[in-house]
Amino acid sequence: MSNEENELFMVKQAQSFRKSDPDAAKAWIMTAKVLYPTAFNVQYEAYLFERDGKNYEEAAKCFSVIATNFPNRHAELWQEINALTNALRTENENTPEQEFFVKMYKHLTDDVQHNIFMHTINHCGDDLEQCICIYILMFKKFPKSVTTHAPRLLELLAEGMTTDPDVYQRILVEDVLPMIQHKPPELPPVLACRLYTNSLEYYLRQIMDSETEPADPWKTIFKVLMLCGQMMGWEPFLPFSKQGSQNVYWEKLVDILSASPPGSSKVLFYATTLFIYSLYGYIRNCRLRIDDADVSHVLVEGFIEWAPDGDGAEDQSMEPPKFSLTTPNSPDLSNAFLHAAQCWQLLNTDQFQRDFSQLMVALPLAPWISRFLFDLAIYFGHRDEANKLMGEMTTQSSLVKSLQILSLNLMQGSMTLQGFQCILTIIGELPATNGHLLENMTLKGHRHMVFLPLTRAALVQYCTGAIVSRISRQVYEPNCSDRLLGDLLVLQQLNLLNDTRLTQQIFSVIKQRKSFNLRTLSTYIINIDLIEELSHIWNSQLEDSNFELTGSPTGVSSTASGAAGVPPRRIGTRGADKGARDEFKTITRQQIARCNENIITLLANFISQEQLMLAQHIFGIQPVETIEIK
Amino acid sequence: MSSSENNSKGSHRKLDLKAENYPACAVEALTRLETLIASRNKQNLVMQIISEYIFLERNKDGDGRKSQSLPISQMTLCQEFQLIIALIEYFSRPGRDATRNAIFLSLFGSHLTPQRCKLLSRLISTAISGSLAPLLSAAGTWMQQVGCKTPHSLEVAQNLVSDFILYSRKTPEQFKQLPMVGPHFAANLMVAVAELYLNEQRSAALTPPPDALLDAITEWMNENPTLCQASQQPLILPAGAIAMPFATPLAGLLRWAVLAPMVSSRLAYSNLHLSVLRTLQQTVTSGESTPLPLQDLMQVIKSLQNYCARLSETSVDPRTDAAYQKCMERLAQAVQIALSCNCITNQIQLLCVLESLPNQKLMDIIIAANKKL
């Protein structure tokens, strides 16, 4: 009889005893193993016997023998290896059968364990995902193998990204990078750059999808940047620090830039990362919690104080504008914006432009970039550019859009009909959040930018400012109408302390007049200082028998105030019109009583109700009824 | 050394020892033996003290020194009990193993009268019940020094089997734990016990061991895979003493497993057989001795031949006899594994004898495979 027949005979005998007398079966297998140590079927039967008996320790011994002596030849062995690696992969949610494999694995020698992974990897063929999974599994079980095999795995991942970026980016970032971070392998620069871009893309997607935004995304991104830099032998950039000023990063970047050849990918990646980081800070800081609501900030043109005794010409220096300190977050916002702008300018120089624009196409930054570019155009006063970009921004609400058009109007130094319509739109769409009035909205001389929070107070203040800035000069012109002066007084109530010069000018014009019709008094003037000043004028002019102060709407202009038909009343100092004097006192008292009314709401009402008259002031068109504003 | 000199010294020492003070005098005697035993020329005195003050022996004619006949102990049952207590206390005391072993051998080595032997069995039985490791260790040494298969050892073994297996409804835990408490003694006891059963040299018919004994021993083997090697531990003996060669229970237990199918079909024998095979496989053979001496294997083969002879008397072909086939299957497996790890010395001779037995397929395969080499 041949050996094969004998082997088979003994295996059959062992099988026949398996149920009735397992010990006898084992004795048969033991004998067969001793007699035919090189026979696969004998060794495999021995393994099956231990496997089915759940003796993982013995099974591991048998398995080691098979795996060491019969690699790559037997389908049965492959089946077992696959079952084993599958069980290892899902270690926490295993069936009892898989649990057995996990336990058995622990009893295999390191060599055998490692061989199993290597054989499986070599056997994967075209199954990229399977292959990558086995690599990762091997790295987990054999951290030492990372150094030798990481480059191959990273290559495979890069290959996978071309077909299914979502899956492989996740694997790269979540599984592989943490394993190689302590001992990054050296990689060809092209591959390392690609992996960094891929990781960045993954994180940015997470950040954009605000529901899944990771806890500390930038800490991780900087870590990955360091890691990829190490793989390419780059001089390290700075580690991430939450408190660290962005200036430090920029300075470091400038250092590296000065020591690098033009267009080096090191600078490209460091600058791009810093750009996106600053941009992120800018976009994130644009939202702030005010009165328990998330309030966005919009970059707008600030007002320049106009002085009649000034040189008349606006400051046309090419210096970029400043940012006004309007809200607590405006320093952070302007910092982030300026850094992003610096990086953007650097990256758009000839040496980087091509590579950078490719990166920008690859990364999911479009919504941020269009917002940033628009703000950048406003910042630099590139009106046409801004107008063009405005059309490209699709996500803006009509409130924001109106505000931006208005801001562009102000940048031009004139107000168009469209600009005035924007004011009306803004007033019509005021948000619920009240907020506070802002400081430093109007500054002397130089162009400046304001981060305007979308609150009622700030928006009304901005609209009011826009109107005042258009019509205030007329106060200095001869023959300006009572209406204009009265309406300006109403508007000035919001901003009394900041622009005392204009108020004083208005009062002095009033004092020069023989009579003055303040038709808005009983409706819109509630500021105590103004009322006191008016009383003072009225009382001090008592001697001058020619002065006449009318506190009621006149018939001519009553269309907007809706007081048509009421006979005009005049509060005069002429003669001893005691009734008129009492009436002025009554109105005064009545307005003082209203001094705690919400001035913001009052002004919003004023602008929307007196829009025809205001348009007339601004555009100087007569008669007002012909202006169609809708 | 003159007898008078010996006498005078002896009588001087004996002043403190008074047989009337039993068991105090036995305790005192044990303490004194510790110092006497170290010197070689005091052996007679040692023997005398043991005989007179520990076992209370008198010759029939009243003179213990001259008579050649066996001395007779005068001990009452109560005194025997007291002595056992005294010995247990003595051997449980901390002390050098060598001294303890020497005293144990002096007590029970030579001059082992049937009475002393009975007392020894009771002493060991008590030690097992009380899990007294030091005493069991001394008993293990004793058994190896007198020989595990000598009548005295066999008698002790038989008595222990009676105490713990035959007269117990359930095997006591202390007996089951014996390999943990006294591995060396347990291994030697297995050699002796194996000799008692399924042994045609002791009785014409093959007597299987009691089921409980078989179960206990298979359990010992399964739970203590190295138990059979325990007897190889070096003995701790007084200076100058020569250690007797150790024996392993493997040959005897293999005989049980191989011959069992003739008289029993218990599955426990499969388990015992597997344990023997495993132990064989783990055995590291030292040059001097082998766990499966040819002599023991020949004994098994002889029994198989006898069985075949009986079969042919009833005109049964052994090749169709299931029991014979099973016996040969086990023997063949053991032979193959033993050959593969050099546990058999006279290979060729053994193979030739095996070839002369009626055929069995596995045995044929194994003979063929090993002859090729």
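Visitor: What share of the contacts in chain A with a separation of 6 or more comes from residues 24 or more positions apart?
Guide: Such residues account for 66% of those contacts, where a contact requires two C-beta atoms, placed from the backbone, to lie within 7 Å. The model is predicted: local features need pLDDT of at least 70, side-chain atom pairs count only at pLDDT 80 or more, and totals for chains, interfaces and linings use all residues. Residues are numbered from 1 along each chain as its sequence is written, while chains are lettered from A and ligands numbered from 1 in the order in which they are written.

Visitor: How many helices and strands does chain A have?
Guide: Chain A has 29 helices and nine strands. Both are DSSP runs numbered from the N terminus: helices are H or I with at least four residues, and strands are E with at least two.

Visitor: Which helix of chain A gives the largest share of the side that touches chain B?
Guide: In total, 10 residues of chain A are in contact with 12 residues of chain B. Helix α2 (residues 22-35) of chain A supplies the largest share of chain A's side, eight residues. That side has five nonpolar, two polar and three charged residues. Here Ala, Val, Leu, Ile, Met, Phe, Trp, Tyr, Cys and Pro count as nonpolar, Asp, Glu, Lys and Arg as charged, and the others, Gly among them, as polar.

Visitor: Why is α14(A) called roughly antiparallel to α15(A)?
Guide: The axes of helix α14 (residues 265-285) and helix α15 (residues 330-347) of chain A come within 8 Å and cross at roughly 150°. Angles over 145 degrees count as roughly antiparallel, under 35 as roughly parallel, 65 to 115 as roughly perpendicular and the rest as oblique; therefore α14(A) is roughly antiparallel to α15(A). Axes are lines fitted to C-alpha atoms, for helices over the stretch in contact, and angles run from 0 to 180 degrees between N-to-C directions. By class, the contact of α14(A) with α15(A) has 13 nonpolar, five polar and one charged residues.

Visitor: What makes α15(B) roughly antiparallel to α16(B)?
Guide: The axes of α15(B) and α16(B) cross at roughly 160° and come within 11 Å, so α15(B) is roughly antiparallel to α16(B). Among the residues making the contact are B:Leu304 and B:Tyr307 of α15(B) and B:Cys327 of α16(B). This contact of α15(B) with α16(B) has eight nonpolar, no polar and no charged residues.
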